[in-house]
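Hi everyone, thanks for coming. Let me put the model on the screen, and then we can walk through a few spots together.

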Amino acid sequence: AVVEDGILPGDSLSLTITLTRKHHDPSEDVPTGEPIRPENIREAYWLVIEMSNGEQSRFAAAAPLVVQRLTQREVPMSMPMKAPSQPGEYTLKFRAMSPTTIGINADFTLKF
C-alpha cells in the first residue's frame, strides 16, 4: 500500500494494492481477452480494510479482486477509501480472503 503526504482528514483516497500470489502456476494460463464470467473464475479474493486508532476499529473499505490469469504472480488493484476524520496515528489491517480457494487467506498491517 502507498501512503502520500498532504492527506487531509476525510479526503477521498485511492490505495494501490498488489496481491503477491506465491502459489501462482506459470504452467497454467487462461487466455487474455477472455470475458470474465462466473464459469471462468478460477481464483478470486475479497480485500477488506479495517482502520483502528488504538481505541476504536472500523470497516474502511472492501473490494473484490479476480485473478484473470493463473500465471500472474502479482495482481495489482486500486481501492478507494476515506482518510480518517481526525489526525493521529492509525493502523490499517488488510485482509485478503478467498471465497473460491480454500486456505488461501492473508493479513497485512500498516501503521501511519
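When I say contact today, I mean heavy atoms within 4.5 Å. This is a predicted model, in which local features need pLDDT of at least 70 and side-chain atom pairs count only at pLDDT 80 or more, while totals for chains, interfaces and linings use all residues. Residues are numbered from 1 along each chain as its sequence is written, and side-chain values use heavy atoms, with hydrogens and water left out.

Let's begin with Ser52. Leaving aside neighbours within four places in sequence, Ser52 is in contact with Ser57, Glu89, Tyr90 and Thr91. Ser52 is found in strand β2; strands here are DSSP runs of E, at least two residues, numbered from the N terminus. Is Ser52 buried or exposed? Ser52 counts as buried because its relative accessibility is 17%, and the cut-offs are under 20% relative accessible area for buried, over 50% for exposed and partly exposed in between, with a 1.4 Å probe and protein chains only. A polar atom of the Ser52 side chain also lies 3.1 Å from the backbone nitrogen of Gly54.

How many aromatic pairs does a search of the whole structure find? It finds 2. Rings of Phe, Tyr and Trp (its six-membered ring) pair if their centres lie within 6.5 Å; planes under 30 degrees apart are stacked, over 60 edge-to-face, and the rest tilted.

Tyr90 and Phe112 are a stacked pair, 6.1 Å centre to centre with 25 degrees between the planes. They sit 22 residues apart, Tyr90 in the loop between β4 (74-82) and β5, and Phe112 in the segment after β6. Tyr90 is buried at 9%, whereas Phe112 is partly exposed at 37%.

Phe94 and Phe108 make a tilted pair, at 6.0 Å and 45 degrees. This pair links strand β5, which holds Phe94, to strand β6, which holds Phe108, 14 residues apart. Phe94 is buried at 9%, and Phe108 is partly exposed at 46%.

Last stop, the strands around the pocket. β1 (12-20), β2 (44-52), β5 (91-97) and β6 (105-111) each supply at least two residues of the lining of the largest pocket.

Conventions:
Helices (H or I, at least four residues) and strands (E, at least two) are DSSP runs, numbered from the N terminus. A polar contact is a pair of N or O atoms within 3.5 Å; within protein, one must be able to donate a hydrogen and the other to accept it, and residues adjacent in sequence count only if both atoms are side-chain atoms.
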